[in-house]
Amino acid sequence: MASAVIGRILALTGRHPHYVNALCASLWRMEAPPSEKAVESGWDRLVEEEAGSNAGRIARLAPSQRALLRAIAAREDGEPHPTSHAFLARIRLPVSTGARARDALEREDLIQREADGRWTVVDPAMAAWLRRL
């Protein structure tokens, strides 16, 4: 595989082991080495396959948690300040509600704080699906 294809696989999956394996398994079944377009198509199929379980998991969240999760997912590179007044005002949440929602999402292992301080959605397929809504 070309390094650009491998890079795209790793970028789309967020290096999440489950998704790297699932995407690569579908690509390895191809007769020819995969292109970046094939990687994108495979990822789109995988995100759609996960949509039902993601929708169910998100439906069980409080409205404030759903709003915060969706806003964090909107930025592919993560959100540096998900409880800032400006960020929460943009998604119409009070600061105290936003802080509680962030804590609940973290406890549910839906979001995580990266080493550089950005907050991201743990599941890259869920994040991709949320960006498509």
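1. Proline 124, setting aside neighbours within four places in sequence, is in contact with Leu12, Thr13, Gly14, His16, Tyr19 and Trp43. The model in which these contacts are found is a predicted one. Proline 124 belongs to helix α7. With a relative accessible area of 11%, proline 124 is buried, because buried means under 20%. The C-alpha atom of proline 124 is separated by 18 Å from that of proline 82, a residue 42 places away along the chain.

2. For orientation, the whole chain may be considered next. The chain has 7 helices and 2 strands. Read from the N terminus, the order of these elements is α-α-α-α-α-α-β-β-α. A box of roughly 55 × 30 × 20 Å, taken along the principal axes, is filled by the C-alpha atoms. Of the 133 residues in the chain, 41% are buried. The accessible surface is about 7,600 Å², and carbon and sulfur atoms account for 51% of that surface. When contacts between residues at least 6 apart in sequence are considered, 61% join residues at least 24 apart.

3. In α7, 7 of the 9 residues are buried, so the helix is largely enclosed by the rest of the structure. The buried residues are Pro124, Ala125, Met126, Ala127, Ala128, Trp129 and Leu130. Their cover includes helices α1 (3–13), α2 (17–28), α3 and α4 (63–74), together with strand β2. At the start of α7, the backbone nitrogen of alanine 125 has a side-chain oxygen of aspartate 123 within 2.9 Å.

4. The packing of α7 against α3 can be described in detail. Helix α3 (residues 36–59) and helix α7 (residues 124–132) meet at an angle of about 85°, and their axes are 8 Å apart. The two helices are therefore roughly perpendicular. On the α3 side, the residues in contact are Trp43, Asp44, Val47, Glu48, Glu50, Ala51, Asn54, Ala55, Arg57 and Ile58. On the α7 side, they are Pro124, Ala125, Met126, Ala128, Trp129, Leu130 and Arg132. By class, the residues of this contact comprise 11 nonpolar, 1 polar and 5 charged.

5. Strand β2 (residues 119–121) contains threonine 120. Is threonine 120 buried or exposed? Its relative accessible area is 11%, so threonine 120 is buried. The side chain of threonine 120 makes a polar contact of 2.6 Å with the side chain of glutamate 114. Apart from neighbours within four places in sequence, threonine 120 is in contact with Ile72, Asp77, Gly78, Leu110, Ile111, Gln112 and Glu114.

6. Most residues other than glycine have a negative phi. Arginine 15 has a positive phi, near 60°, and lies in the loop between α1 and α2. With a relative accessible area of 61%, arginine 15 is exposed.

7. Arginine 92 likewise has a positive phi near 60°. Where does arginine 92 lie? The residue is placed in the loop between α5 (85–90) and α6 (95–107). Arginine 92 counts as exposed, because its relative accessibility is 77% and the cut-off is over 50%.

Definitions and conventions. Residues are numbered from 1 along each chain as its sequence is written. This is a predicted model: local features need pLDDT of at least 70, side-chain atom pairs count only at pLDDT 80 or more; totals for chains, interfaces and linings use all residues. Side-chain values use heavy atoms; hydrogens and water are left out. Axes are lines fitted to C-alpha atoms, for helices over the stretch in contact, and angles run from 0 to 180 degrees between N-to-C directions. Helices (H or I, at least four residues) and strands (E, at least two) are DSSP runs, numbered from the N terminus. Angles under 35 degrees count as roughly parallel, over 145 as roughly antiparallel, 65 to 115 as roughly perpendicular and the rest as oblique. Contact means heavy atoms within 4.5 Å. Ala, Val, Leu, Ile, Met, Phe, Trp, Tyr, Cys and Pro count as nonpolar, Asp, Glu, Lys and Arg as charged, and the others, Gly among them, as polar. Buried means under 20% relative accessible area, exposed over 50%, partly exposed in between (1.4 Å probe, protein chains only). Accessible areas come from the Shrake-Rupley method with a 1.4 Å probe; for residues, only the protein chains shown count as cover. A polar contact is a pair of N or O atoms within 3.5 Å; within protein, one must be able to donate a hydrogen and the other to accept it, and residues adjacent in sequence count only if both atoms are side-chain atoms.
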